[in-house]
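Subject: Structure for you to look at

Hello,

Here is the structure I promised to pass on. Please open it first, then read the notes below it.

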Amino acid sequence: MNVNLIPKPINFKFGEYINKGFELMKKDFGSVFVGFLVTFLMSIIPFCGLLAMGNYYKYLRKLNKNQNPSAGEIFDFKDFMPYFILQLIIIGGIFVLYIPFFIFAGIAGATADANGEASPIFGILMFPYMFVMIFVIYYFLLKGFYISPLISYKGITDIKTAWNISKVMTKGNLLNIFLFSLVASLLSQIGILACGIGIFVTMPFMYAANYFAYEDAIQQIEYDEITEIGIQEKY
């Protein structure tokens with residue numbers, strides 16, 4: 001674990017992240033937009049989607065701090081392995097979740113009547129499981145909300161460590177994070193109303209809002225050794 005981090009539940013500032021996302025868009029929309037386009041292009045490369053987003057958050061971080069980043073920095077493969085492993089874990093998890101579907105389908109086929117109609121047992125088993133599956137997916141997505149900034153900002157390459165820290169950070173905030181993600185996503189989808197083209201204008205907002213959520217969270221758990229020494233000297 002990074003010695004400069006003190007994992008703790010985050011004070012999640014829902015409205016502040018949304019407002020700051022809009023402010024960054026207004027401040028430098030051109031740079032935010034160009035960075036998003038490069039991220040979109042890099043996401044086309046197999047297994048580079050999460051890496052592209054992680055690099056885009058780095059780009060937004062520099063942009064917000066007036067460091068004049070180049071959009072070409074998004075094509076950085078330094079963090080490829082942790083994001084690659086994370087994607088393999090996600091793919092494996094989805095495969096495991098789908099195993100019961102194959103089992104239920106087999107049961108339905110085995111219990112079908114002479115006309116080929118599936119037994120009601122298929123629906124009895126399927127629908128409750130669908131709700132359970134959705135719950136499990138959202139649980140892991142929300143608990144792992146901070147994995148990306150932990151990899152991209154703090155250089156934590158061990159996914160288990162990043163997951164454990166993110167679990168602590170999200171404690172007591174799952175509903176807030178869910179509502180924040182929902183609102184940011186809905187606002188970013190407004191562009192679909194403009195024949196789909198507008199989504200390239202509004203979609204970057206979701207990333208900008210997420211960036212501020214990530215940035216604030218990392219600042220809350222960072223351990224400033226110099227400040228700590230100053231406090232101790234006072235005593």
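Start in helix 1 (residues 14-27), which holds both Glu-16 and Lys-20, four residues apart, or about one turn of the helix. Helices (H or I, at least four residues) and strands (E, at least two) are DSSP runs, numbered from the N terminus. Glu-16 and Lys-20 form a salt bridge, with 3.2 Å between the closest N and O atoms. The term salt bridge stands for a side-chain nitrogen of Lys or Arg within 4 Å of a carboxyl oxygen of Asp or Glu. Glu-16 is partly exposed because its relative accessibility is 30%, and Lys-20 is partly exposed at 36%. Here buried means under 20% relative accessible area, exposed means over 50%, and partly exposed is in between (1.4 Å probe, protein chains only).

About the model: it is predicted, so local features need pLDDT of at least 70 and side-chain atom pairs count only at pLDDT 80 or more, while totals for chains, interfaces and linings use all residues. Residues are numbered from 1 along each chain as its sequence is written, and side-chain values use heavy atoms, with hydrogens and water left out.

The structure has nine salt bridges. Another one joins Glu-215 and Arg-61, at 2.8 Å from N to O. This pair links distant parts of the chain, since Glu-215 is in helix 9 (residues 199-221) and Arg-61 is in helix 3 (residues 49-64), 154 residues apart. Glu-215 and Arg-61 are both buried.

Lys-62 pairs with Glu-73 in a salt bridge, their closest N and O atoms lying 2.9 Å apart. Lys-62 is in helix 3 and Glu-73 is in the loop between helix 3 and helix 4 (80-110), 11 residues apart. Lys-62 is partly exposed because its relative accessibility is 32%; for Glu-73, also partly exposed, the value is 34%.

Lastly, the surface has a nonpolar patch with about 810 Å² of accessible area, and its residues include Ile-134, Tyr-138 and Phe-178. Helix 5 (121-143) and helix 8 (174-188) are the elements that give two or more residues to the patch. Helix 8 gives the largest share, five residues. Tyr-138 is in helix 5 and is partly exposed at 42% relative accessibility. Patches are made of residues with over 30% relative accessible area and no salt bridge, with like charges joined within 9 Å and nonpolar side chains (Val, Leu, Ile, Met, Phe, Trp, Tyr) within 5 Å. Accessible areas come from the Shrake-Rupley method with a 1.4 Å probe, and for residues only the protein chains shown count as cover.

Regards
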